[in-house]
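My notes follow the order in which I checked them.

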2 protein chains.
Amino acid sequence: MKSNKATIHDIAAKLNITASTVSRALNDNPRISDETKKKVLKVAKQINYQPNHIASALRSGKSRLIGVIVPTANRNFFSSVIRGIEDHANILNYKIIISQSYDEYAKEVLNTEALINARVDGIIASLGKMTENFDHFHKVLDKGIPLVLFDRTADVLDVSHVILDDHLGAYQAVDHLIKNGCRRIVHFTSAQRINIYRERKRGYEDALKANGLEVDPALILYSNMQLEDGRRLTEETLQNKVHFDGIFSSSDYAAMGALQVLKENGIAVPGQVKLVGFGNEPFTSFSDPTITTVDQRSISMGKITAEMFFEILNNKGAELISKKTIIKPELIIRDSSK
Amino acid sequence: MKSNKATIHDIAAKLNITASTVSRALNDNPRISDETKKKVLKVAKQINYQPNHIASALRSGKSRLIGVIVPTANRNFFSSVIRGIEDHANILNYKIIISQSYDEYAKEVLNTEALINARVDGIIASLGKMTENFDHFHKVLDKGIPLVLFDRTADVLDVSHVILDDHLGAYQAVDHLIKNGCRRIVHFTSAQRINIYRERKRGYEDALKANGLEVDPALILYSNMQLEDGRRLTEETLQNKVHFDGIFSSSDYAAMGALQVLKENGIAVPGQVKLVGFGNEPFTSFSDPTITTVDQRSISMGKITAEMFFEILNNKGAELISKKTIIKPELIIRDSSK
């Protein structure tokens, strides 16, 4: 079979520059302007250019590996961010290896060490729910290894990161519920030291206040927000005869658990209780009724995280600056809140 | 905070052996009997022993990393197998790093090279759908790096592996549909060079024949078996006015697509068409109706795969033997087939 693979010569021809300029641009040579790098990258994507990893690794002496630490790769959000990172990194001839913390602090620490042992050129991470000590990340920075966090960060950790505007996402979700008639909205949340849950709760509270409604602490329910938690919390709320006409859950999984229990108890969704989740997991469009949710623009987050990472990787000394990017979420209105 | 972490001394005390024996057992020293190793491992799990990775890595000079290559970590099946591998490996003081092929051959090759570059002690992989050339895996074996495949393998690749009895899973699913009155069963399948799809199709055909029914090639539909494929194939089947009263899909995703289209067309499931998927993805128990499916015992598959891997790792020379283990699946009967 004859190969028709795109080469750097094809990119060079399209841009009317030399192949060696293309090669340098793809290897992020500082002598090449950012503008040229962007053009080269764009054309490379267009013609589906696949770099030759081995030759390049031999030349550079680098591992050309980026370690990604996530709580679990088996969530649409994390897997989509990883996909976004990977698509960008592959073009630049870097490979991604993933390790999972399962939200356990000890595993996150050991994974970080394992990635350093694997000689990665940098680390991209999203914090586990239990992480309160950040020595393992300080060690990464002390070794001069580029580090970028995404989505789950900590205020005390001054590291470059890309996060979602969780406050806005929650605000829009709750405002939407109120505009559709809800007055007593239950909120499912989790550990408040995690930025994302704290910000979503703040968005919930601010939307209530802006609409002249009271924040009732009895309606704010804390859990690990798995499907079972959503089931249990909804069952308890029904048993305790707490009056509510809406649920805003910081997790699609807990929202799905709530939906199941409401249906089992003959409570119509959205007729009697309206429901909004968070995360746009695929099952929210499979369920009956489909679940309104907040999309976290995960592919964009991955792309922007990768861009930030390579900017830091290619500008040694830039570790003194911490970069922060905030992405706007999107409310996806489906049947559960109509 | 004072640490109450379990140590090797706690394991030693429980088994009435020395701490150094425990240490050797956990490091798979060949001087320790398999029986003792098993006992130590069992107690280590019971008391939640967490080994100190760094000290041990310094002692051994090994990376203590295992690379896992999967099409995507964002499938319940793959993530559960990885969890099973990881739980076993962590006890033995090994860490898992994951790389995703996205079912692309080029990525699978580059990932394999990247893992070798990361100095992994071995590789565990499940083949991408497009993989027909196995030079990258032969390279792994030639370097004396232990390799174990799981679930998706190829007949021409004589490598140790752990697979599901896909024929049995499909046979049971189709036999169940027939026992519940189905006579015209559509089958969704994919590329027949992949063992799992070929075996499931064979199971479908054998169950029909064993029940005195004819195999109608018009009812066997080939696709990539994503949700959209299930939708499209079901729409086409309805448009073509093909008579059918059951669907056996080799993928839960395609089964979900079929369910959506049947409901949209006012066709009762299970009343008019009964449906069985394959994989036991979590959404099959969220949907309305819940979907009957075949469970692949993914956690067991991970555990058995890890055991096989360490057996090979600890018995250099054993690469001459290829080990094969076949796991029995379980039919999970839910509402879509009742």
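These entries cover chain A as a whole, one of its sheets, a few single residues, and parts of chain B.

**Ground rules.** I am working from a predicted model, in which local features need pLDDT of at least 70, side-chain atom pairs count only at pLDDT 80 or more, and totals for chains, interfaces and linings use all residues. Residues are numbered from 1 along each chain as its sequence is written, chains are lettered from A and ligands numbered from 1 in the order in which they are written, and side-chain values use heavy atoms, with hydrogens and water left out.

**Chain A, overall.** I counted secondary structure from DSSP runs numbered from the N terminus: helices are H or I of at least four residues, strands E of at least two. Chain A has twelve helices and twelve strands. Its C-alpha trace spans about 70 × 45 × 40 Å along the principal axes. I then looked up burial (buried is under 20% relative accessible area, exposed over 50%, partly exposed in between, with a 1.4 Å probe and protein chains only). Of the 338 residues in chain A, 60% are buried. For contacts I took heavy atoms within 4.5 Å. Among chain A contacts between residues at least 6 apart in sequence, 74% join residues at least 24 apart.

**A sheet in chain A.** I count two strands as paired if DSSP finds at least two bridges between them. Four strands form an open sheet in the order β7-β6-β8-β9 of chain A, with parallel pairing. β7 (220-222) and β9 (274-276) of chain A are the edges; each has a single partner strand, so one side of each lacks a neighbour in the sheet. Neighbouring strands are turned by 15 degrees against each other on average, direction ignored. Angles here run from 0 to 180 degrees between N-to-C directions, with axes fitted to C-alpha atoms, for helices over the stretch in contact.

Inside this sheet, β6(A) (residues 185-189) and β8(A) (residues 246-249) pair in parallel over four bridges. His187(A) has Phe248(A) in β8(A) as its bridge partner. Helix α11(A) (residues 252-264) packs on the sheet, touches β6, β8 and β9 of chain A, and makes about 155 degrees with β8(A). Helix α9(A) (residues 195-210) lies across β6, β7 and β8 of chain A, at about 165 degrees to β6(A).

**Arg202(A).** This residue sits in α9(A). Is Arg202(A) buried or partly exposed? Arg202(A) is partly exposed, at 38% relative accessibility. Its C-alpha lies 8.1 Å from that of Tyr171(A), 31 residues apart along the chain.

**Cysteines.** Cys182(A) is buried at 1% relative accessible area. Cys182(B) is buried too, at 1%.

**Chain B strands.** β3(B) (residues 122-125) is covered on both faces. Gly122(B) and Ile124(B) are buried on one side, Ile123(B) and Ala125(B) on the other. In a regular strand, side chains alternate between the two faces of the sheet. Four bridges join β3(B) to β1(B) (residues 65-70), in parallel. Three join β3(B) to β4(B) (residues 147-150), also in parallel. Ala125(B) stands opposite Ile69(B), and its partner in β4(B) is Leu149(B).

**Chain B helices.** α1(B) (residues 8-15) and α2(B) (residues 19-26) pack at about 110 degrees, axes 8 Å apart. That makes α1(B) roughly perpendicular to α2(B) (65 to 115 degrees). Residues in the contact include Ile11(B) of α1(B) and Val22(B) of α2(B).

Note on methods
Angles under 35 degrees count as roughly parallel, over 145 as roughly antiparallel, 65 to 115 as roughly perpendicular and the rest as oblique.
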